[in-house]
Amino acid sequence: MTPYTVALLAITLTATLLLYYKIAPARKNLLLAASLFTIGCISPTSILPALLLSASTFFAASKLATSPSRNKTLYLTCQLLQVSALLLFNLHLVNTTGHTGNVSIKFFSTGNLLKIAGIGYYTLQNISYLQDVYKKRIQPAANLADFLLYQLFLPHFFSGPILTYTEFTANLAQVKQATLQKETLLLGAQRIVWGLTKKLALANRLSPMVAFCFENADAVTFTTPYGFTTWTGVCLFTLQLYIDFSAFMDICIGVSLLFGIRLKENFNYPLQADSIADFWRKWHISLMDWLKMYVFYPVSYRFRKNKTTAILAATITTFLISAAWHGLALTFFLWAACHCCYLIVESFTKKARHHLFSNLPPRLIHYGGILVTFSAVSFAHLFFRSTNTTVTQQVFHNIFLNPHFWPQNWTRDFFAIFQNGGTFRQLCMCATSFTLLIAFLLLEKRTAEALKKTPQPYVTITLIWLLLLFGVINAGNQFIYLQF
Amino acid sequence: MMDPILLEELTQVFRQTFLDNQLIITPATKADDVRQWDSFSHMELIAAIEKKYNIQFSFEEVIHFNNVGDLINTLTQKIKAAR
């Protein structure tokens, strides 16, 4: 995010907000125009694909809804178009970001293909919309403008949350009647502040710490990469990813709230999940709801007569698609394979675990579950974060095959590693980052719930102070999930 | 009027599927109300009900069940149609 982008967003948001509450009849068109303008300024190359893919979906769905017999050819062609666009983009991602995973899939050079933002999100929305219209679950959009607003609404264009058409239009009904409410504005604003604080004072601090563990895995700079230090770096990535992505969602939801539009929550405190199944109910909720509805349930329904087959087929298919959605790199597939194994083992051992642990105190089971789940998720993130399998192998070796697991000198072999140096100032910065992180983990739920329910001026002012005192601008500025 | 015998029979199916002999269901019961009722066990439950009553739910019917009451309504229609 450059200062230009931030300034543009701030000016567009303010101008749109001022006009929005003045011109009730044209609000939807105003939101669409503002979204198109902003997307066009931030990422000009993203507009044409978004418009083409969305418009073709709208017209195809309109035809599908009005034709007396189901036009299966048209339906399948449109779905293939969406899937192809997504796969093409992910191929481009592999070719240009270096995230190769050692899999050579280079049908053609896409080096000159410019960045296309949001495609991972609106193609899924197109796919679900087409299916819902084809199966007559919903009526198609009344007009193209309404549908384009659904696809291009700025707060959810770049990184979701992924919404079905029904979920989005439930909000639009209130748009015409929306009046300027002080409480709604405050709730939106404090949610934005919460997201900014998480991003700048936490996620950006964790970013170089994590980068150091992964990009210096071959220990060029340090001759003894201690196992515990590297494992801590992997765990910090789980925290960074969550804080970064959830911060972006907070900002998007907050901006949307300013207009009286409630977007779906994408996280439900996944760090407190006590099983992998529970984790996936709480992490990237909109994507998992989409996968559940359009992949998991259809596959498990098909094989429901045999429980084992249903679980295996549905889980493997779902995570295969999730991996491909994130990127066509071996590392993403290895990450997905981990979660696949976790869920299958959890499902098949549910009864045995229930008998084994039934005599233990519930709190011990719960907190033990949180620790095990976090460790399992972090292990899988070892693959997710690695840009190629060489890095994966080296990080894996540093943690599990290293004769030196515990740091011999904590200052030199642990804290100095994360701050890329052991001067007093650097050690203080490291201590600050860890303190902020611990405070966040302890206070996150209470703070976030309070900010969602009522205006909290004192909390918001405290967050602004934290942002000003501890916020950092660095190479970690880019939100991680903007790349998908 | 909901058939109490059907509700009792379904309660037994739920208890067997979710391995919980204390489980009580009502027409208002939703998946969120039962800890063991997740994506994995949902189709297992559907398959168990289909087997018990020798009927078949379509996929569209299954995804539109918001609570046990919806399931019972559809099940009742299918049992009547089968007779």
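Hi everyone, let's start with how chain A holds on to itself. Take the contacts in chain A with a separation of 6 or more: 77% of them join residues 24 or more positions apart. Please keep in mind that this is a predicted model.

So what is the chain built from? The secondary structure of chain A comes to 20 helices, with zero strands. Its radius of gyration is 23 Å, close to the 23 Å the globule rule gives for 484 residues, so chain A is as compact as a globular protein of that length. If you draw a box along the principal axes, the C-alpha atoms fill roughly 70 × 55 × 55 Å.

Of the 484 residues in chain A, 54% are buried.

Let's zoom in on one pair of helices. Please find α16 of chain A, residues 362-385, and then α17 of chain A, residues 389-400. At what angle do these two pack? The angle is about 145 degrees, and the axes lie 9 Å apart. The crossing of α16(A) and α17(A) is right-handed.

Which residues meet there? From α16(A) we have A:Phe379, A:Leu382 and A:Phe383, and facing them in α17(A) are A:Thr392, A:Val395, A:Phe396, A:Ile399 and A:Phe400. Sorted by class, this contact has seven nonpolar residues, one polar residue and no charged ones.

Notes: Residues are numbered from 1 along each chain as its sequence is written. Chains are lettered from A and ligands numbered from 1 in the order in which they are written. This is a predicted model: local features need pLDDT of at least 70, side-chain atom pairs count only at pLDDT 80 or more; totals for chains, interfaces and linings use all residues. Side-chain values use heavy atoms; hydrogens and water are left out. Axes are lines fitted to C-alpha atoms, for helices over the stretch in contact, and angles run from 0 to 180 degrees between N-to-C directions. Helices (H or I, at least four residues) and strands (E, at least two) are DSSP runs, numbered from the N terminus. A crossing is left-handed if the near helix is turned anticlockwise from the far one by less than a right angle, and right-handed if clockwise. Contact means heavy atoms within 4.5 Å. Ala, Val, Leu, Ile, Met, Phe, Trp, Tyr, Cys and Pro count as nonpolar, Asp, Glu, Lys and Arg as charged, and the others, Gly among them, as polar. The radius of gyration is taken over C-alpha atoms; the globule rule is 2.2 Å times the number of residues to the power 0.38. Buried means under 20% relative accessible area, exposed over 50%, partly exposed in between (1.4 Å probe, protein chains only).
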